[in-house]
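Dear colleague,

Please find below the structure that I am handing over to you.

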Amino acid sequence: YNKPWAVHQWLQQAKPTEDVIMIVDPDCLFVHKMEIVVEEGSPIAQQAFYHFDFSKNDVPMQVARKYCHNCTFLDPIAVPIVIHRHDIEKIAPKWLEKTMEIRSDMHTWPNIWSNRSLSPVGLSWTAEMFGYVFAASELGIRHEIWDLQNVPPVHKKLITPIIHYHVEVPLPDGRQWWKHSNDAGYNIPWPLPKNTDEVTTILLTKLHEAHEALGDTNHTWKTANKYELRSDGDEVFLNGSCCQGAELSEKPV
């Protein structure tokens, strides 16, 4: 819930006046300034790892047929999203509504929808992504798909100003860095092998420089597993997202 709820609240409370808004994940690093202009009704977004094919009955289409009502198109998109303020003002409340509809129905999901060993969809953490796609489709807002990010190790050369480090980042010498590791904030591989690709070099250099400037985070998890429910029942951690367990159906945060 964190992303759709945050965007929805931000629009209501901050009341931005800028016409162009970009939605990214916290694990997106801006290497330099990015200048993109979109018109109302013509947002752009990154291609997601899933696809929609109306002729098939695979997991993405099973989910879509259940939760996307009277949809005639489905754009397989993810962040980064660049969108006009008027469009996101329409999408945001329905994005939250669709995400809540999907997640509140977890008890009915077939195992294949959330078990990532059976399907890459992993609906327990991609529900908000599907919620956005379905909200936009029900509102008739199409997105043009662009390459807006670099993902190490998929991309070797920098093609856009954004590096999205959502997967393991391997090095040629066998070392790796992964944001989910408990020591990710201070155990940054350094120095780097000379044959490290450009995208990985930029990412790990920026992380190394940040650690040199700021020091260790000294962060510790309150449970042995960072995805477990805390003993006091106050917070639920799901793949890095946090919601108030007692108020989940009314006030996700």
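Strand E1 and strand E4 (residues 77-84) pair in the antiparallel sense over 4 bridges; strands, like helices, are DSSP runs numbered from the N terminus (H or I, at least four residues, for helices; E, at least two, for strands), and two strands pair if DSSP finds at least two bridges between them. Within this pairing, Met22 stands opposite Val82 of E4. E1 covers residues 20-23, with Ile21 and Ile23 on its covered face and Val20 and Met22 on the uncovered one. In a regular strand, side chains alternate between the two faces of the sheet.

Please note that this is a predicted model, in which local features need pLDDT of at least 70 and side-chain atom pairs count only at pLDDT 80 or more, while totals for chains, interfaces and linings use all residues. Residues are numbered from 1 along each chain as its sequence is written, and side-chain values use heavy atoms, leaving out hydrogens and water. The average pLDDT (the predictor's confidence in each residue, from 0 to 100) is 89 for the protein, and 87% of the residues score at least 70. Over residues 229-253 the pLDDT is below 50, although this stretch has 43 contacts (heavy atoms within 4.5 Å) in the model beyond near neighbours in sequence.

The structure holds 14 salt bridges, each being a side-chain nitrogen of Lys or Arg within 4 Å of a carboxyl oxygen of Asp or Glu. One of them joins Asp19 to Arg85, with the closest N and O atoms 3.0 Å apart. This pair links distant parts of the chain, 66 residues apart: Asp19 is in the loop between helix H1 (2-13) and E1, and Arg85 is in helix H3 (residues 85-103). Arg85 is buried at 14% relative accessibility, whereas Asp19 is partly exposed at 41%; buried means under 20% relative accessible area, exposed over 50%, and partly exposed in between (1.4 Å probe, protein chains only). Lys90 also forms a salt bridge, with Glu40, at 3.9 Å between the closest N and O atoms. Furthermore, Lys94, Glu97, Lys98, Glu101 and Glu138 are linked in a network of salt bridges.

Finally, helix H6 (residues 198-214) has 17 residues. Its buried residues include Val199, Ile202 and Leu203, and strands E2 (28-30) and E6 are among the elements covering the buried residues of H6. Just after H6, Gly215 takes a positive phi of about 80°.

Yours sincerely

How values were computed
Expected span 1.5 Å × (residues − 1).
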